[in-house]
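I opened my notebook to go through this structure one site at a time.

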Amino acid sequence: MPTRRPVTVTVTGAGGQIGYALLFRIASGQLLGPDTPVRLNLLEIPLGLRAAEGTALELIDGAFPLLDSVDVTDSARTAFDGAGVALLVGARPRTAGMERADLLEANAAIFGPQGRAINEHAASDVRVLVVGNPANTNALIASSHAPDVPAERFTAMTRLDHNRAVAQLAIKAEVPVTAVDGVIVWGNHSATQYPDVSHATVDGRPAREIVDERWLEEVFVPTVARRGAEIIQVRGASSAASAANAAIDHVYDWVNGTGDRFTSAGVTTGGVNAEAAASYGLPDGLICSLPVRSSRGEWQIVTGLDADPVAHAHIEASVAELLDEREAVRALGHLPG
Ligand code: NDP
């Protein structure tokens with residue numbers, strides 16, 4: 001029997017393929033745990049409304065004991081009303097001939113207003129995960145339009161990259177994934193991300209004693225960074241279920257805690273995180289993937305995990321890309337300051 005009050009979970013782009021892989025797992029209790037009923041608010045653009053309505057019918061047909069309600073709307077104000085968790089999945093994809101500035105502009109027009117709607121209508125303890133790309137910068141835009149919501153409540157998903165890295169290391173070391181700990185994904189959720197095993201262990205042994213540098217540089221890093229493209233090539237469609245799975249992992253860990261293990265998430269480098277982020281030489285005011293633990297419902301950056309020179313160069317390049325995206329969005333007038 002559910003023992004808690006229902007939590008409103010808002011999912012944007014709910015009619016899309018990640019939405020389809022995500023919503024049934026939320027309704028079954030895998031996002032917030034078996035004691036918490038959920039009210040699902042599905043946000044779509046007018047073109048996506050029918051698909052979302054169809055998914056809502058199937059959600060009803062699931063007769064999920066934890067599903068308190070499911071509503072579909074194209075109004076951000078309605079969708080974010082009372083939201084305790086907001087999963088921002090819908091985003092404008094890059095289309096042929098689109099320049100980076102056009103992509104950033106199109107997404108700023110989505111994530112700015114959604115940030116404002118979260119600021120005005122969501123629950124005071126709302127937790128936001130941005131999945132839609134470019135996820136880090138979209139999260140920054142949304143956060144900057146929600147001045148009353150602490151910046152640490154806006155996060156970007158790099159958990160899929162993290163999970164991919166853990167899985168590749170486990171396959172190479174011929175161990176179950178549970179034997180792997182301490183993998184870090186640094187930087188932007190893009191090709192410049194850096195999956196780092198310098199602090200990883202396999203069954204308690206340093207990973208670097210088990211795998212060699214050449215495999216790391218030539219196989220591991222490119223496999224993780226290009227996995228999305230590989231899946232499109234093999235499956236004929238982009239990864240959706242694994243992205244949905246990572247979103248579930250991110251929020252579940254955020255809410256329920258990670259214990260001593262750590263994971264990776266795109267979190268703010270400012271506010272309560274400023275000191276920890278600065279210990280890695282990171283500038284204030286980005287959403288950057290970092291090693292994090294969660295306890296009592298808050299992410300904390302894990303400090304003291306110094307990067308070696310190779311990792312350092314990769315991290316700098318990814319952070320430079322984040323700074324570039326931020327400047328481009330600022331130049332377009334979508335960031336205050
Ligand atoms: P998906 O559900 O497959 O993807 C949604 C977003 O998640 C994209 O930005 C995609 O980025 C991103 N993403 C992040 N990680 C991954 C990953 N590992 N694999 C794939 N995607 C990933 O897209 P659909 O087109 O099926 O659905 C999107 C829905 O959003 C549509 O129903 C559409 O109507 C809606 N939409 C809403 C908008 C809004 O809220 N205003 C604007 C545009 C669309 P990438 O593009 O880089 O793959």
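The entries below go from the ligand to single residues and then to the backbone.

**Ligand site**

I noted first that this is a predicted model. Then I asked which residues come nearest to the ligand. Of the 21 residues around the ligand, the nearest are Gln 17, Ile 18, Glu 44, Leu 160 and Ser 239.

A backbone N or O atom of Gln 17 sits 2.8 Å from a ligand oxygen atom. For Ile 18, a polar backbone atom is 2.9 Å from an oxygen atom of the ligand. For Ser 239, a polar backbone atom is 2.6 Å from a nitrogen atom of the ligand. The ligand taken alone exposes 910 Å², and the protein buries 75% of that.

I also checked where the ligand sits. The space it takes is the largest pocket. Helices α1 (17-27), α4 and α6 (159-173) each give at least two residues to the shell around the ligand.

**Asn 107**

I stayed with α4, which spans residues 100-121 and holds Asn 107. Is Asn 107 buried or exposed? Its relative accessibility is 0%, so I logged Asn 107 as buried. Leaving out residues up to four places away in sequence, Asn 107 touches Ala 91, Arg 92, Asn 133, Pro 134 and Asn 138.

**Asn 133 and Pro 134**

Asn 133 and Pro 134 are joined by a cis peptide bond, with omega about -5 degrees. Most peptide bonds are trans. I placed Pro 134 in the loop between β5 (127-130) and α5 (135-144).

**Thr 73**

I found Thr 73 in strand β3, residues 67-73. Thr 73 counts as buried because its relative accessibility is 15%, and the cut-off is under 20%. Its side chain reaches the backbone nitrogen of Ser 75 at 2.9 Å. Beyond four places in sequence, its contacts are Leu 42, Leu 43, Glu 44, Leu 49, Thr 78 and Ala 79. I also looked up the spacing to Gly 281: 208 residues in sequence and 43 Å from C-alpha to C-alpha.

**Positive phi**

I then turned to phi angles. Most residues other than glycine have a negative phi. Asp 203, not a glycine, has a positive phi of about 55 degrees. Asp 203 lies in the loop between β10 (201-202) and β11 (205-206). I logged Asp 203 as exposed because its relative accessibility is 59%.

Arg 296 has a positive phi of about 50 degrees. I found Arg 296 in the loop between β13 (287-295) and β14 (298-301). With a relative accessible area of 79%, Arg 296 is exposed.

Methods:
Residues numbered from 1 in each chain as written. Predicted model: local features only at pLDDT ≥ 70, side-chain atom pairs only at ≥ 80, totals over all residues. Heavy atoms only, no water. Helix = DSSP H or I, 4+ residues; strand = E, 2+ residues; numbered from the N terminus. Buried < 20%, exposed > 50% of the residue type's maximum accessible area, 1.4 Å probe, protein only. Contact = heavy atoms within 4.5 Å. Near = heavy atom within 4 Å. Polar contact = N/O pair within 3.5 Å; in protein donor to acceptor, adjacent residues only side chain to side chain. Areas by Shrake-Rupley, 256 points an atom, 1.4 Å probe, with all protein chains shown as cover. 1 Å grid on protein atoms, 1.4 Å probe; cavity = no way out; pocket = protein on both sides within 12 Å on 5 of 7 lines; lining within 4 Å. Sits in = over half its atoms within 2 Å of the grid points.
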